[in-house]
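Trainee: I have a new structure open and would like to learn how to read it. Could you walk me through it step by step?

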Amino acid sequence: MKKYFFIAGLLFLLNHSNALAAKIDTIQTYSAAMKKKIKAVVVVPDNYQQLKSLPTVYLLHGYGDSYDGWINTVTVLKKYADDFQLILVCPDGNVSSWYMDSPVDPEWKYETYVVTELVSQIDQQYKTIKDRKGRAITGLSMGGHGALYLSFKHQDVYGAAGSMSGGVDMTPFPLKWDIAKRLGSYEQQPERWKANSVVNMTHLLIPNKLALIIDCGRDDFFYNVNNKLHEELLYHNIPHDFTIRPGAHNWDYWKNAVGFQLMFFSNFFNKA
């Protein structure tokens, strides 16, 4: 009899845990600036229907990836949405946009898309907190650069931002990752490359306005540029969390890092 009740209880817990699972939507958004439809993944917690409004974290993918890269690789994101009571939005950065409005190709306007068009559509379709105090952005690699780049320029939109293994200084990599297609060649446009590298944008920050969390693996090829950004933030007296952990530029590192970043954002939202 005891064995029967144990098995029945275990089955109940398993079924209950499956029922209380975060929901994943793949939505079609529209960019008027680029005149095209763009997909995004949205994760809402299991009790979404019972809640009035929720904070939102925008999670940017890296170079060579797409909108579904995060959710396909880091399935624990569903649990994080439940645990931290967050809406997670994974935009599409078109493989190599670097999340910028390209000055050399008018068809690439991913700053406008992510900051203005996507945020507006998410706020219309979901029960979000429609304020910077309920909105954060982070990402990995190209997406880490993108998250800081967009948040530094748009502190009225985001209250918190992060970066995991971010390519926060593009100038040491003039031939890599299609950056030249977005900005023109480094040889011809060195000042443009410098101006659009996050490490040179810290002067835009208002101390204590944007909550920041930045981390990078010790064996990552972006380690030195992240250290440089850390020093720039210290020089400008910008408070930030900065973590160096063992690890390289890979999913093993990002699977671990994203949980810490979402906890940081959750704490920010709770305080706000």
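**Confidence and overall form**

Mentor: Let us begin with confidence: the mean pLDDT of the chain is 92, and 93% of its residues reach 70 or more; pLDDT is the predictor's confidence in each residue, from 0 to 100. This is a predicted model, in which local features need pLDDT of at least 70 and side-chain atom pairs count only at pLDDT 80 or more, while totals for chains, interfaces and linings use all residues. Residues are numbered from 1 along each chain as its sequence is written, and side-chain values use heavy atoms, with hydrogens and water left out.

Trainee: Over which residues does pLDDT stay under 50?

Mentor: That is residues 1–19, for which the model has 0 contacts beyond four places in sequence. A contact means heavy atoms within 4.5 Å.

Trainee: How does the radius of gyration of the chain agree with that of a compact globule?

Mentor: The radius of gyration is taken over C-alpha atoms, and the globule rule is 2.2 Å times the number of residues to the power 0.38. With 272 residues, a compact globule would come out near 19 Å, and the chain has 19 Å, which agrees. Along the principal axes, the C-alpha atoms fill a box of roughly 80 × 40 × 35 Å.

Trainee: How many helices and strands are in the chain?

Mentor: The chain has 9 helices and 8 strands. Helices (H or I, at least four residues) and strands (E, at least two) are DSSP runs, numbered from the N terminus.

**Strands inside the fold**

Trainee: How should I read the two faces of a strand?

Mentor: In a regular strand the side chains alternate between the two faces of the sheet. Take E3: Thr56, Tyr58 and Leu60 on one side and Val57 and Leu59 on the other are all buried. Buried means under 20% relative accessible area, exposed over 50%, and partly exposed in between (1.4 Å probe, protein chains only). Since 5 of the 5 residues of E3 are buried, this strand is largely enclosed by the rest of the structure.

Trainee: Which strands run parallel to E3?

Mentor: Two strands pair if DSSP finds at least two bridges between them. E3 is joined to E4 by 3 bridges, and the two run parallel; 5 bridges join E3 to E5, also parallel.

Trainee: Is leucine 88 buried or exposed?

Mentor: Leucine 88 counts as buried because its relative accessibility is 0%. Residues that leucine 88 touches, not counting those up to four places away in sequence, include Val41, Val57, Leu77, Ala81 and Leu262. Leucine 88 and proline 55 are 33 residues apart in sequence, yet their C-alpha atoms are 8.8 Å apart.

Trainee: Where does the chain go from E5?

Mentor: E5 (residues 135–139) pairs with E6 in the parallel sense over 2 bridges, with alanine 136 opposite alanine 160. The chain crosses from E5 through H5 to E6, and this β-α-β crossover is right-handed: with the strands pointing away from the viewer, the path from the first strand over the helix to the second runs clockwise. E6 (residues 160–164) is largely enclosed by the rest of the structure, because 5 of the 5 residues are buried. E6 also runs parallel to E7, joined by 5 bridges, and methionine 164 has aspartate 215 of E7 as its bridge partner.

**Helix and cores**

Trainee: Which residues of helix H3 are buried?

Mentor: In a helix, residues three or four places apart point the same way, because an α-helix has 3.6 residues a turn. In H3 (residues 77–84), Leu77, Tyr80, Ala81, Asp82 and Phe84 are buried. Their cover includes E2, E3, H2, E4 and H9. Just after H3, glutamine 85 takes a positive phi of about 55°.

Trainee: How many residues has the largest nonpolar core?

Mentor: A nonpolar core is a set of buried Ala, Val, Leu, Ile, Met, Phe, Trp, Tyr and Cys residues joined through side-chain atoms within 4.5 Å. The largest has 54 residues, and Ile137, Leu148, Leu150, Tyr158 and Leu212 have the most contacts inside it. H4 gives the most to this core, with 7 residues. Apart from it lies another core of 31 residues, among them Tyr80, Leu88, Ala211 and Trp254.
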